[in-house]
Amino acid sequence: MPISITPLTDPDTTSSGYRLAWLAADAAGTPVGSAFLRVLTRTGQEHLAELEVRVHPAERRHGTGSLLLEAAVAAAREAGRRCVLAQTEADSPGDLFLPARGFRKVLTLTYARLPLARADLAALTGITERPHPGYRLVSWAGTVPDDLAGTFAASRRAMDDMPMDDTDYGTVVWDVERVRSVAEAVAERGDLLHTVAAVDVSDGSIAGFSELVVPGDGAGDGQHYGTGVLPEHRGHGLGHWMKAESIRQARLGHPALAGLLTDTADSNRHMRAINDELGYIPTHRSAEYQLDL
């Protein structure tokens with residue numbers, strides 16, 4: 001059965017990139033699959049595009065995925081991208097489809113969930129009240145306060161050496177405008193952004209941070225956006241300290257929240273150990289694949 005691929009207009013354009021879309025349909029015009037390509041434009045990632053291809057299970061093995069992939073890769077080449085990234089669950093059809101078409105596995109992620117009902121509030125309080133000489137914790141909801149904005153933007157380089165294995169992910173350049181725009185984007189979709197940071201008391205600068213996004217109604221599961229400590233401040237237990245405080249605040253501030261979700265590269269043994277110690281339970285794994293153009 002012949003398959004037609006139609007490019008679509010996608011209004012999803014942000015300061016970090018724009019998105020292209022394609023719809024696959026059979027001879028009767030029935031949709032059978034789709035592809036989305038996010039072309040990143042932010043400084044440090046202008047070489048990169050991120051791909052998502054989906055085909056209805058009943059329509060697989062008829063070449064639909066390959067046609068959608070060809071259209072997206074051609075668009076990535078036209079946009080001057082150096083590589084395309086795609087993510088799929090481990091042991092899924094995508095785990096076979098992508099390497100068969102030239103993609104190579106560059107990263108494996110483990111996803112985990114902390115059921116908040118099992119979070120020991122007394123133990124968390126004990127962790128967060130334990131002194132860390134030379135540091136103190138601060139926190140805020142939504143956009144970073146003006147007096148911390150500059151040092152918070154500077155602290156984002158804590159994620160620059162986050163284990164990404166062979167992924168050609170580039171380095172995201174952060175400034176005050178960008179950290180504020182991220183917080184504004186979370187608020188615009190109705191969610192709540194909570195940040196805990198460790199401050200170096202010697203100069204008032206932020207040494208590390210942990211971000212958590214909670215659904216606007218305070219129910220369901222929250223999502224950790226990232227926890228990072230600047231290289232010069234590592235070795236003091238700040239990551240464990242900040243994440244414990246983030247969990248404690250979620251437990252107290254959002255009693256209807258069911259759990260917290262996180263994902264960590266398998267090679268990031270330090271953060272995985274923190275998650276294990278705090279009670280996160282692995283749920284599934286995914287693989288990141290890269291096509292070098």
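Reply: Let's start with Glu-177, which counts as exposed because its relative accessibility is 63%. (Exposed means over 50% relative accessible area, buried means under 20%, and partly exposed is anything in between, with a 1.4 Å probe and protein chains only.) Before going on, keep in mind that this is a predicted model, where local features need pLDDT of at least 70, side-chain atom pairs count only at pLDDT 80 or more, and totals for chains, interfaces and linings use all residues. Residues are numbered from 1 along each chain as its sequence is written, and side-chain values use heavy atoms, leaving out hydrogens and water.

Where does Glu-177 sit? You'll find Glu-177 in helix H5, which covers residues 176–188. (Helices, H or I with at least four residues, and strands, E with at least two, are DSSP runs numbered from the N terminus.) Glu-177 also belongs to a negative surface patch, together with Asp-175, Glu-184 and Glu-188. (Asp and Glu count as negative; patch members have over 30% relative accessible area and no salt bridge, and like charges are joined within 9 Å.)

Stay on helix H5 for a moment, and look at Arg-180. The side chain of Arg-180 meets that of Asp-146 in a salt bridge, at 2.9 Å from N to O. This pair links distant parts of the chain, with Asp-146 in helix H4 (residues 146–155) and Arg-180 in helix H5, 34 residues apart. (A salt bridge here is a side-chain nitrogen of Lys or Arg within 4 Å of a carboxyl oxygen of Asp or Glu.) As for the general idea, side chains of opposite charge can pair when their charged atoms come close. The two partners have their own surface labels: Asp-146 is exposed, since its relative accessible area is 62%, while Arg-180 counts as partly exposed because its relative accessibility is 28%.

How many salt bridges does a search of the whole structure find? The search turns up 10 of them. Another one joins Arg-157 and Glu-232, whose closest N and O atoms are 2.5 Å apart. That pair also links distant parts of the chain: Arg-157 is in the loop between H4 and H5, and Glu-232 is in the loop between strand E11 (220–229) and helix H6 (238–253), 75 residues apart. With 39% relative accessibility, Arg-157 counts as partly exposed. Glu-232 is partly exposed too, with a relative accessible area of 46%.

Arg-285 counts as partly exposed, at 42% relative accessibility.

From helix H7 you can follow the chain a bit. Ala-273 lies in helix H7 and is partly exposed, with a relative accessible area of 43%. Ala-273 and Ala-25 are 248 residues apart in sequence, and their C-alpha atoms are 46 Å apart in space. Next comes Gly-279, in the loop between H7 and E13. Gly-279 is partly exposed, with a relative accessible area of 28%, and its C-alpha atom is 9.3 Å from that of Asp-120, 159 residues away along the chain.

Now for some loops elsewhere. His-132 lies between helix H3 (121–129) and strand E8 (135–141), and it is buried because its relative accessible area is 13%. The side chain of His-132 reaches the backbone oxygen of Arg-130 at 2.9 Å. Val-201 is in the loop between strand E9 (192–200) and strand E10 (205–214). The C-alpha atoms of Val-201 and Gly-134 are 5.6 Å apart, although the two are 67 residues apart in sequence.

Arg-61 has a positive phi of about 70 degrees although it is not a glycine, and it counts as exposed at 84% relative accessibility. Asp-91 isn't a glycine either, and has a positive phi of about 65 degrees. Asp-91 is found in the loop between strand E6 (83–89) and helix H2 (93–97).

Key. Patch = residues over 30% accessible without salt bridge, like charges linked within 9 Å, V, L, I, M, F, W, Y side chains within 5 Å. Areas by Shrake-Rupley, 256 points an atom, 1.4 Å probe, with all protein chains shown as cover. Charge placed at Lys NZ, Arg CZ, Asp CG, Glu CD. Polar contact = N/O pair within 3.5 Å; in protein donor to acceptor, adjacent residues only side chain to side chain.
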